[in-house]
Amino acid sequence: MSLSKFSDKLFSRAALRGIFAICVFMVLWEVGARSEQWFGYRFPFVGLVPPPTDVLVSWSGLIGDAGYWHSWYKSFLRVFGGFTAAMLIGIPLGLIMAVNKSCYGIIFPTFEVLRPIPPLAWVPASIIFWPTQELSIAFVTFLGAFYTIVINVLGGAKSINKQFIQAALSMGASQWDIFRRIVLPATLPSIVVGSAVGMGITWEVVVAAEMISGGGASGGAGGGLGFFIWSSYVGGSYEQIIVGMFSIGIAGYISSELIRQLGGKFTPWLKTR
Amino acid sequence: MPDPANKSEILSALKSAMPFQMVPDNLMQEIAAICTQESYEAGEKIYDLGALADDVFIVSSGSVQHILSADTDASKHEKIMRSGDVFGWAAVLEGQSVRLAATTSIEPTQVLRINGKKLVELFESDPAVGDVVMTRFATMINKEFYVPRSIADQVPGFKQALKASNLQGSEVTTMALTVYRIATWLKSPRPYLMLIGFAVFLGFWMLSVEIWKLPRFVSMPGPTEVFTEWFSEDPYYGLSFYTPEYYKHIGISLRRIGFAFLLATALGVPLGLFLGWSQKFREYIFPLFEVFRPIPILAWVPLAIIMFVGSETPVIFLTFLASFFATTLNTMLGVESIDESYSRAAKCLGASRWQTFIHVVIPGSMPYIFTGLQISIGVAWFSLVAGEMVSGQFGLGYIINTAYMMIEYPKIIIGMITLGVIGYVTSAMVRMMGDYLMQWRVRELALGDN
Amino acid sequence: MSAVIDENLGSLADVSDGAISIKDVVKVYDPDGAAVMAVDHCSIEIPAGEICMIVGPSGCGKTTLLNAIAGFHGITSGSIHLDGELLCGPEQPQAEPGSDRIVVFQNGALFPWKTNLENVAFGPMMAGKQSKAEIYEKARSMMADAGLSGNENNYPGEISSGLRRRVEIVRALMNDPKVLLFDEPYRALDSLTKSVMHEALLEIYYRNKVTIFFITHDLEEAIFLGHRLIIMSSRPCKPKKIVEVDIPHPRDYSVLTSPRFREILNEAKDVVHDEAMKAFEAGEKEG
């Protein structure tokens, strides 16, 4: 996007309205958080929260802190590790189930029975099973994204217009050809959507796992933004909690955008029309 | 029995006749099976006044002259029948055994012939559909042949059959459909493949833990251990189908989910509807919403603990938050997905903006809202478990966590499975609620010729 | 089908409302800065009660005209009047949608969540000027006239698309519109159902004379139904040729094989074909 177009968009009426609402919100937050200080009366809920100005001060301090960025790095690593594993196993599994009715019949019911169990419920079992804490976090992260990706691949494959396949068959395509040239590309948009959604879930799980497994202790595991938030809470620096929250939000947004951009590169035909 | 090449001709001739236009496919096939095709030359007599009235006719192509007897009380006695028109309907009238008209083909004509008795029998086997078709027969006879209602009223009805089976219109559809679906499912290979899958999974679990005792699996509880514990009257770790604690924890988790989910729906659906409907509102509020949405729910835990008193409220707050974001977003997307033609049509017909909102936007987004609600309840369980594991007391997440810490491993698995089952059931309940509220969609998917 | 023969069924003498006057209308779209002229100085006068068929290749801007009359889009310049009153013009580029001009949509816009009867009663119910009982009684009788009895309590999704179209037309007529705007409503139907639909439409027209502005690309449909054909050029849209259809009413499908029909078809065919070729070569996408 050219600079002039960007500034057009930034100052468009829609953007200004959005910014306006956010500013109003910030002001209310500030007033509410400082209520005890300013009015002698503490507003419920908001009154206990650190005010945005303090949060911003804390954040500017953290930007120079190596430990803060190290947390980012660790979390990103876990997210992409688990996510890649989920794609590597989930996409082929989804495609096999989409193409072969018997495989679907055998695997899908078991898959569906296990799916409602929240990934976090697997944490203890995972810790018991895997030798290192890192691996157990990775497994739970993997589970989170895995279900979403498989469901989206299946959905995408199911909605392929049968006539594409019939057209290919009438032109003499083999089963492998059909798979490679029709099923695979036609399912790509759903894979991209599934991945973007799966990415969000992956972040949820990583943060949860980092907070629950406490972090810090055994062999290199621990750290990450989830742990950062938890230790900020335990250590009493409440402004950092909020810094951590928004940091993760931004990190999650960046990851999803990355996936969408990457996905866009693989599906150029969606840009037409 | 007509051969396959003619079957499609027969079916399309049937479908062009007004009374048969609403018949579902399976019944249509059966009707087609009792049809025969016949050809007549120009000027050939098809039947005479007073002849035996056994068959109903549908004109496939050509034209037929239909002359009602002068005795019949009709406002018009002569009529020309063309493709898609139905005649010879005396064959379906109750207590009418002879022809009321004489028919002759005007030009070379092809007709479909259906035995009246067999047709009525077919409809008796499916009274809901039969009733509709027969009503249409009556309407057609009344309108097209200009005879008084007294004759049209002799068309047999199936309301008696419907009442006898104690089912009303829509119930016939949903229940009969469910029974039909279950029967079909049982006849397919699907349930058996499913059992194979389960067997493989359970088998692997059992083999790896109990029989082969693979190294990694040593500390894991095996299926025998888990299931004996779960079903025992005096469980070793204190939790099974027979202990009241089990139900207490389930109840507490359910109560939290119920409260959080309902609150999230009550707030999220209206918010989503307005975000979707009003561009102005969306421009103000959506960016603010999007600032908070990417923040993982668990990242709110410390803040929730700070803001709210006690250990119960933070857990419910977290669950609510997760549900709220999912519901609002999906509702908004739902409104945006409604076809523009509907609101345009409403405008043309004179509806105000508010009326369009009530009559078009809300019903139109219902399917999307319910999909969103199913996602929302899944997300709610996710957050609830996390919240319970971290800061709650009681509840299924709490059980799993403490069982882990107290090294009561079979309880972990029991907790997990229970979560899975209850999660599935609550999701299914949401879906059924949706089906109930959107009868039009159920029937559209079942019967329509989209 | 009505067996009453009335030579004057096609006459417009007793219709007073619904004259449309399109004067020098221009519509320019501006997506991303590239000005595209969809309608180019188009002027058409449609007398009250006429069935005016707008014929042209896909994507030539016919729908733009319809949308302008209905009030869904605005125009860049020119003016449109209905019975002398301004719909849209220089000061007011976009008309207000209203129940004097009702659209029958290409893919149908019956509300799937309401029964057919509720759909038909929708307009008067929203207006709130009559009692529910009155409205529903009128709805039932209008549905019966159109051959729809028995379908009142079904949902649109349960009946065939041909029947759906009829319900939509009845829904429109319940509001006593001056004009009915049809946007290729029978495009998706098979030709058997189409011919039934045509006869049904004419029958409804004979009972309720309204101005009909009907967009189609099907020449035979146009000649069968219309008083006049206005053949449009490919984008930008401009009337290229006007063909009078003087076949007497009431018309039934035997008209399709009559010599006069064939004559008119020949007259119109070449022009339409020309424009279709131009649109094809220009790579126009369908509207």
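**Helix packing, domains and the B–C interface**

In chain B, the axes of helix α9 (residues 223-231) and helix α17 (residues 409-437) come within 9 Å and cross at roughly 75 degrees. Because angles of 65 to 115 degrees count as roughly perpendicular, α9(B) is described as roughly perpendicular to α17(B). On the α9(B) side the contact is made by E225(B), V226(B), E229(B) and W230(B), while α17(B) contributes P410(B), I413(B) and I414(B). By residue class, the contact of α9(B) with α17(B) comprises five nonpolar and two charged residues, with no polar residue taking part. These descriptions, like those that follow, refer to a predicted model.

The domain assignment of chain B gives three ranges, with domain 1 covering 4-162, domain 2 covering 167-215 and domain 3 covering 221-447. Taken over C-alpha atoms, the centres of domain 1 of chain B and domain 3 of chain B are separated by 54 Å.

Between chains, 28 residues of chain B are in contact with 30 residues of chain C. On the side of chain B that touches chain C, at least two residues are supplied by each of the helices α4 (127-144), α14 (340-348), α15 (353-391) and α18 (439-447) of chain B. The largest share of that side of chain B is the six residues that come from α14(B). In composition, the side of chain B that touches chain C divides into eleven nonpolar, nine polar and eight charged residues, whereas no polar residue is found in the contact of α9(B) with α17(B).

Definitions and conventions
Residues numbered from 1 in each chain as written. Chains lettered and ligands numbered in written order. Predicted model: local features only at pLDDT ≥ 70, side-chain atom pairs only at ≥ 80, totals over all residues. Axes fitted to C-alpha atoms, helices over the stretch in contact; angles between N-to-C directions. Helix = DSSP H or I, 4+ residues; strand = E, 2+ residues; numbered from the N terminus. Parallel < 35°, antiparallel > 145°, perpendicular 65-115°, else oblique. Contact = placed C-beta atoms within 7 Å. Nonpolar A, V, L, I, M, F, W, Y, C, P; charged D, E, K, R; others polar. Domains from an automatic or database assignment.
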